[in-house]
Amino acid sequence: AAALYGALIALIFSLWPLSWLREVRPAQLFRGERAPEDGLPRPSALAVLLLLVLGFGAAVTLLSGAPELALWVIGAIGAALVALRAAGWALGRLARRLSHASLARRRPALRLALGAIGGPQSDTANTVMALGLGLGVLAAIGQIDANMQRLIRSELPADSPAFFFVDIQPDQLGTFRATLDAVEGVSRVETAPMLRGMVTALDGRPAGEVAEGSEGAWIVRGDRGLTYADRPPEGAELVAGDWWPEDYDGEPLMSFIAEEGLQLGLGVGSTVTVSVLGRPITARIANLRRVDWRGLGINFVMVLNEAALAGAPHTHIATVHAAPGAEAAVLDAVGEALPNVTGIGVRDQVERVAGALERLGAATRWGALAVLATGLAVLVGAAGAAAERQVHEAAVLKVLGASRARILGSFALRAGLLGAGAGLVALLWGLLAAWAVTVFVLDADFRVAPLSAVAVVAAGAALNLLAGLAFSSRPLRLRPAAVFRAAEG
């Protein structure tokens, strides 16, 4: 795949300049004339270029293993390239206008820098393209990573449980509670009966057929945990319908989670068939309730009335709220009293997930740094080409009385401002991408991480400044007379 991608990319980026070279006449070269570099290639070259681009996109989509995601990424990168090109043009126009504004008056270094950024031979568009893509990816990754860490570490409830315990037999509930009551540091214990069942039908139709293409289709894939209760769970928020009476003993009734229920086309009065230990149970939805899974409490997709599951063999699950220093005592006490009961440390799992996300973010940042390194190589090439134009500019400034320090300061200010502008553009589209991922993929609120945002803009200014200063010695070293004689020759 890498060899195929490399070959296609090389062909795509070589075809345009090679087709332009075909239009250069030998007479222009012998006379020393500069051939125009604008204009489109021949129609035949454009057609081949379009086929190569489409072939590259098709290869990435087919070989990625996630075609839909690959198409979204290709579309986002294409939109980013167009946006960066437009932003580079707009940044040049803005710099040109600012060079004549009151801000630049009596500040010759600033005025020269802004005029050069907005000049007709400026590399503003190329710089924004070279820095913007890599820095934009880094900005998006930094913001997404910060929001994921916030979701895991900051938005968990302060009273989240320390443990989940499963496989508690009904006759062990009393022993389980008594054991934990004797452990110092345990503040609350909550239990609930639990069975496993598979959703087989929705409103009398096969569940897989109804759920196909729906965001709630995960509910009908495999077994789901369900429970029974004659009273609403603590903190339950009903959005439609009512709870059944405590002594209800009629047809099976069910409480279903609201968001996924609406995604599956279910409402109050709909029927859901669940296979429990091979026995189908068809229950009518009495209410829809909202569930916040981030609460880390005991929540179920489906809750049935107690009589509907009377006699079905089942176990209980429990959540235990304990002080941070009491985990070992809780596990030891339960393990000694009830060896068959399994405890799962919630805090440990949260730390593991956070660590895994940090490693994932680090790996993705390395990929973004590779993109940035490629952009930096382009940036160095552009700075080298700009240095040739700065030779004549520095000679004119020296004749007019400018010192080397003033000229170097102008060059440095120009590079820093242009890099900061490119970093700001990259930050804007990176924030937009991070917002889309956080809201539509993570289904969470988006908050800007200010330190990461400032780092992106500072990195743009620093990288372009370093690239510009790397080629500034030659324009400052040459004498004006030598430069003008070479131009006349």
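Which hand does the crossing of helix 5 and helix 12 have? Keep that in mind while you get set up.

This is a predicted model: local features need pLDDT of at least 70, side-chain atom pairs count only at pLDDT 80 or more, and totals for chains, interfaces and linings use all residues. Residue numbers start from 1 along each chain as its sequence is written, and side-chain values use heavy atoms, with hydrogens and water left out.

**Stop 1: helix 5 and helix 12**

Select residues 108-117 for helix 5 and 404-441 for helix 12. Helices here are DSSP runs of H or I with at least four residues, strands are runs of E with at least two, and both are numbered from the N terminus. The crossing of this pair is right-handed; that is the term when the near helix is turned clockwise from the far one by less than a right angle, and left-handed is the term for anticlockwise.

Two packed helices are described by the angle between their axes and the distance between the axes. For helix 5 and helix 12, the axes come within 8 Å and cross at roughly 50 degrees. Axes are lines fitted to C-alpha atoms, for helices over the stretch in contact, and angles run from 0 to 180 degrees between N-to-C directions. The two helices are therefore oblique to each other. As for the cut-offs, under 35 degrees is roughly parallel, over 145 roughly antiparallel, 65 to 115 roughly perpendicular, and the rest oblique.

Now show the side chains. On helix 5, the contact is made by Pro108, Ala109, Leu110, Leu112, Ala113, Leu114, Ala116 and Ile117. On helix 12, pick Arg406, Ser410, Leu413, Arg414, Leu417 and Leu418. Contact means heavy atoms within 4.5 Å. Sorted by class, the contact of helix 5 with helix 12 has eleven nonpolar, one polar and two charged residues. Nonpolar covers Ala, Val, Leu, Ile, Met, Phe, Trp, Tyr, Cys and Pro; charged covers Asp, Glu, Lys and Arg; the others, Gly among them, count as polar.

**Stop 2: helix 4 against helix 12**

Ala80, Leu84, Ala87 and Leu91 in helix 4 meet Leu418, Gly421, Ala422, Val425 and Trp429 in helix 12. The residues of this contact divide into eight nonpolar, one polar and no charged.

**Stop 3: helix 1 and helix 3**

Next, select 2-21 (helix 1) and 43-63 (helix 3). Their axes lie 10 Å apart at an angle of about 160 degrees, and the helices are therefore roughly antiparallel. Helix 1 passes helix 3 in a left-handed crossing. From helix 1, the contact includes Leu4, Tyr5, Leu8 and Trp16; from helix 3, it includes Leu46, Leu49, Phe56 and Leu63. By class, the contact of helix 1 with helix 3 has 18 nonpolar, two polar and no charged residues.

**Stop 4**

Jump to His314, in the loop between strand 9 (302-304) and strand 10 (315-322). Is His314 buried or exposed? At 18% relative accessibility, His314 counts as buried; the cut-offs are under 20% relative accessible area for buried, over 50% for exposed, and partly exposed in between (1.4 Å probe, protein chains only).

Which side chain does His314 pair with in a polar contact? That of Tyr228, at 3.1 Å. A polar contact is a pair of N or O atoms within 3.5 Å; within protein, one must be able to donate a hydrogen and the other to accept it, and residues adjacent in sequence count only if both atoms are side-chain atoms. The His314 side chain also reaches the backbone oxygen of Ala312 at 2.8 Å.

Click on Tyr228, in strand 4. Tyr228 counts as buried, at 17% relative accessibility. Not counting residues up to four places away in sequence, Tyr228 touches Pro193, Leu195, Val303, Leu304, Asn305, Glu306, Leu309 and His314.

**Stop 5**

Most residues other than glycine have a negative phi, and most peptide bonds are trans. Select Asp167 in strand 1 (residues 163-168): its phi is near 65 degrees, a positive value. Asp167 is partly exposed, with a relative accessible area of 37%. Then go to Leu277, in the loop between strand 7 (271-276) and strand 8 (279-290). Phi of Leu277 is near 55 degrees, also positive, and Leu277 is exposed, with a relative accessible area of 65%.
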